[in-house]
Amino acid sequence: MSWVNIVVPIVTLLAGAVGGFFVGVFYLRKQLEKMQNDPEMIQKMAKQMGYNLNKQQMQKAQHMMRNQKMPRR
């Protein structure tokens, strides 16, 4: 059994895990940016978490999301 048969799958697994992580972070950041401008998405997320937001809570959630700074690389 050659060392290549051991090293290549390990390197491939690590590269896939790192790549998947960065793709996931990029996707999540884009979804949060879209959610800032779309109150229906915030309402939908709140309902999925078991909350029912009234108008005042909704405005507060939108305000908090707009003021939140997204770290950039």
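Author: The side chains of Glu-33 and Lys-30 meet in a salt bridge, with 3.8 Å from N to O; the term stands for a side-chain nitrogen of Lys or Arg within 4 Å of a carboxyl oxygen of Asp or Glu. A search of the whole structure finds 1 salt bridge. The model is predicted, and local features need pLDDT of at least 70, side-chain atom pairs count only at pLDDT 80 or more, while totals for chains, interfaces and linings use all residues. Residues are numbered from 1 along each chain as its sequence is written, and side-chain values use heavy atoms, with hydrogens and water left out.

Glu-33 and Lys-30 are separated by about one helical turn, because they are 3 residues apart in helix H1; helices here are DSSP runs (H or I, at least four residues), numbered from the N terminus. Glu-33 is partly exposed, with a relative accessible area of 22%, and Lys-30, at 37%, also counts as partly exposed, where buried means under 20% relative accessible area, exposed over 50%, and partly exposed in between (1.4 Å probe, protein chains only).

Helix H1 covers residues 4-37, and its axis and that of H2 come within 5 Å and cross at roughly 110°. Such axes are lines fitted to C-alpha atoms, for helices over the stretch in contact, and the angles run from 0 to 180 degrees between N-to-C directions. H1 and H2 are therefore roughly perpendicular to each other, a label for angles of 65 to 115 degrees, with those under 35 counted as roughly parallel, those over 145 as roughly antiparallel and the rest as oblique. Where these two helices meet, Gln-31, Lys-34, Met-35 and Asn-37 in H1 face Pro-39, Met-41, Ile-42 and Met-45 in H2, contact being heavy atoms within 4.5 Å.

Pro-39, Glu-40, Ile-42 and Gln-43 in H2 meet Met-58, Ala-61, Gln-62 and Met-65 in H3. Gln-43, in helix H2, is buried, with a relative accessible area of 19%. Apart from its neighbours within four places in sequence, Gln-43 is in contact with Asn-52, Leu-53 and Met-58.

Back in helix H1 lies Val-7, which counts as partly exposed at 35% relative accessibility. Between the C-alpha atoms of Val-7 and Ile-42, which are 35 residues apart along the chain, there is a separation of 45 Å. Ile-6 also lies in helix H1, and it is partly exposed, with a relative accessible area of 45%.
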